[in-house]
Amino acid sequence: MDHTSSPYSRQLTPIPCQSTKPIPIPIQTYQLHTGLLNVRSIKRKDHLIHDLLTELHFDLLFLTETRIKDSELSYLSTACPPTYSYLYKNRTTQRGEGLAFIYKKYLKLSAITNLEPPYPIESLCFSIVSAKTQFCLYYIPPPISLSKFSLLSDYLANITSKFPHTLILGDFNIHFNNPSHYPSSEFNQLLIDLSLTQHVTYSLLS
């Protein structure tokens, strides 16, 4: 489907998946249409997200930096077309930014609540029950220090040891395409050590 003429599609960058050896999973598999946005506050953008979902028909839309509180969930409700629902983690600290998934209701999701990361890393994880697949969304506030990277390394090692079929995504505030930017090289080596594949191979900054 060609959405290149859409005013909303210009805000998204398609990420082609690298060819990798498929991992056989002896259960039902899904082909999901997904997207990721750093919204930098969903306030006053809820109607735009609603239109984006209506036009592009994402099965899953991941949002970072939602910047809302429990009393402001109406913004997420407005962002959801009738066939969608959401999971969220609100802004709990001064530097917390908030995370959310908006998903089609036909997907049977289960929130994972026993994988809380160390401060200041934020995460929101869920599984698609029938597919035995986990999705973990992260936000790490800049700048990325040695201590933050150490916390992230240990946390991702724990996640991948428990859940081998996991999609990890979010805003890490790491310039992966710039080896001189700390901790780009270190993070790429971490992915190798954990047998993870990096699907973003170019800058998403315009």
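Axes are lines fitted to C-alpha atoms, for helices over the stretch in contact, and angles run from 0 to 180 degrees between N-to-C directions. Helices (H or I, at least four residues) and strands (E, at least two) are DSSP runs, numbered from the N terminus. This is a predicted model, where local features need pLDDT of at least 70, side-chain atom pairs count only at pLDDT 80 or more, and totals for chains, interfaces and linings use all residues. Residues are numbered from 1 along each chain as its sequence is written, and side-chain values use heavy atoms, with hydrogens and water left out.

Q: How are helix α3 and helix α4 oriented, parallel or antiparallel?
A: Helix α3 spans residues 146-162 and helix α4 spans residues 184-193. Their axes come within 11 Å and cross at roughly 10°. Angles under 35 degrees count as roughly parallel, over 145 as roughly antiparallel, 65 to 115 as roughly perpendicular and the rest as oblique. Therefore α3 and α4 are roughly parallel.

Q: Which residues of α4 meet α3?
A: Contact means heavy atoms within 4.5 Å. From α3, the residues are F149, L152, S153 and L156. Their partners in α4 are E186, F187 and L190.

Q: How many nonpolar residues does the contact of α3 with α4 have?
A: Ala, Val, Leu, Ile, Met, Phe, Trp, Tyr, Cys and Pro count as nonpolar, Asp, Glu, Lys and Arg as charged, and the others, Gly among them, as polar. The contact has 1 polar and 1 charged residue. The nonpolar residues number 5.

Q: What is the order of the strands in the open sheet?
A: Two strands pair if DSSP finds at least two bridges between them. The open sheet has 4 strands, and the pairing is mixed. Its edge strands, β1 (34-38) and β3 (84-89), each pair on one side only. The order is β1-β2-β4-β3.

Q: What is the bridge partner of L61 in β4?
A: β2 pairs with strand β4 (residues 99-104) in the antiparallel sense. That pairing runs over 5 bridges. In β4, the partner of L61 is I102.

Q: At about what angle does α1 run to β2?
A: Helix α1 covers residues 46-56. It lies across β1, β2, β3 and β4. Its angle to β2 is about 155°.

Q: Is D46 buried or exposed?
A: D46 lies in helix α1. Leaving aside its neighbours within four places in sequence, D46 is in contact with Y75, T78 and A79. Buried means under 20% relative accessible area, exposed over 50%, partly exposed in between (1.4 Å probe, protein chains only). At 7% relative accessibility, D46 is buried.

Q: What is the omega of the cis peptide bond from P142 to P143?
A: Most residues other than glycine have a negative phi, and most peptide bonds are trans. The bond from P142 to P143 is cis. P143 is in the loop between β7 (133-139) and α3. Omega is near -5°.

Q: Where is P120?
A: The peptide bond from Y119 to P120 is cis, with omega near 10°. P120 is in the loop between β5 (109-112) and β6 (122-128).

Q: What is the relative accessible area of R67?
A: R67 is in the loop between β2 (60-64) and α2 (74-79). Its phi is near 55°, a positive value in a residue other than glycine. R67 is partly exposed, at 29%.
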